[in-house]
Amino acid sequence: MKVISNFLPKNRENDASTSNEPRSEEAVVQLWRSSLLTLSEAMPLSPKQISEPHRRGIRQLVDDFPNRPAPTIIEHKKAKTAELLKSYGSQMGNFLDSQDREAKAVLGSVAQLTEALAGLDERHGVRLQGITKKLRLLATSNDLADIRAKLSAEVIALEKCLEEQQRDTRAAVQRLTEDVRASETRRQKAVPGSASEASTDGLLALDRAVSGWERYCLVRYEFRESNGSALGVPAWEKSVGPVQAAIPERMGHTVRSVALRPGVLLAAVSCQLLEYAGQAESMEKALSSIAGAVCSSRVVEPLRGENLREALGRLERVL
């Protein structure tokens, strides 16, 4: 029967179905790629510091996705895509909230200035009316000596009133200018700068690096001047390289690290929490010596099923 069956016509319907299956799978993958690329192109161009790193992250996901992926790869890419989009939504949400708060703060400052100027007009207006009345009464006097003495006093009072009015007005306008300047500073800080952009890319790279680790600790190192002030960019750029190199050497474990911003380093250490805790104090002292700044640290161990960003959020809430 086996020999005869080789000469019988094959089922063309089944054969066509089998041959079309890889094509169908590749078509789905291409559709997924096209959808993600369209999504990245649809992202608002501003602020660039938020959109560009996430665009690159999406393109990287698309480029790394094979034509015929295994189920495990599909699930992994699905989780990475969801995490990337959540990161973008969170950063954009925080940015828009900050812009809304600052716009309302500026409007509030303008309203306060308007109210202050109205109060100044009323207060100084009452004083000017008093001086005017005195001058009118003085005009009815026949005593020339009395007129000269009182006129001199009222002129001095008038000059003083006008000077105070100008000074109060300038002070009110200056307060508004300072409020607007402070608001602009806060608004600029709300937009991630180059350090935050590097952080976004760095976190994606760090996440990929630890994806195959069975267990790891997430450590946040912060470096400050001895007086407690933030570490300057030049000092940080000089010390960040030696600090990153020193951590795995002193820990004796595999370490991946990324600079979140000047003075702040995030490291994933391939060990358990208790094992790291035993060396935490000595690590802080050693890194303080290397950086020439005071080092403090916080550590968490990701929970079962918790991804890196979730663990990082829990770590930040500890601070």
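Modeller: A nonpolar core is a set of buried Ala, Val, Leu, Ile, Met, Phe, Trp, Tyr and Cys residues joined through side-chain atoms within 4.5 Å. Buried means under 20% relative accessible area, exposed means over 50%, and partly exposed lies in between, with a 1.4 Å probe and protein chains only. The model is a predicted one, in which local features need pLDDT of at least 70 and side-chain atom pairs count only at pLDDT 80 or more, while totals for chains, interfaces and linings use all residues. Residues are numbered from 1 along each chain as its sequence is written, and side-chain values use heavy atoms, with hydrogens and water left out.

The protein holds ten helices and four strands; helices (H or I, at least four residues) and strands (E, at least two) are DSSP runs, numbered from the N terminus. In order from the N terminus, the elements run α-α-α-α-α-α-β-α-β-β-α-α-β-α. Of the 319 residues, 31% count as buried. Contact means heavy atoms within 4.5 Å, and of the contacts with a separation of 6 or more, 72% join residues 24 or more positions apart.

The largest nonpolar core has 23 residues, and those with the most contacts inside it are Y221, F223, I247, Y276 and L287. Two or more residues are given to this core by each of β1, α7, β3 (264–269) and α9. The largest share, six residues, comes from α7. A second, separate core has 16 residues, including L206, Y216, A268 and L308. In soluble globular proteins, nonpolar side chains tend to be buried together.

When residues up to four places away in sequence are not counted, Y221 touches I247, G263, V264, L265, A267, Y276, M283, L287, C295, S296 and S297.

Helix α9 may be examined next. The helix covers residues 280–291, and at 1.5 Å a residue its twelve residues should span 16 Å; the end C-alpha atoms are 16 Å apart, which agrees. The expected span is 1.5 Å times one less than the number of residues. Within α9, the residues A280, M283, A286, L287, S288 and A291 are buried. Their cover includes β1 (217–224), α7 (233–251), α8 (273–277) and β4 (294–300). After α9 comes G292, whose phi is positive, near 70 degrees.

The cysteines raise a further point. The structure holds zero disulfides, a disulfide being a pair of cysteine sulfur atoms within 2.5 Å.

R261 and E222 are 39 residues apart in sequence, and their C-alpha atoms are 9.7 Å apart in space.
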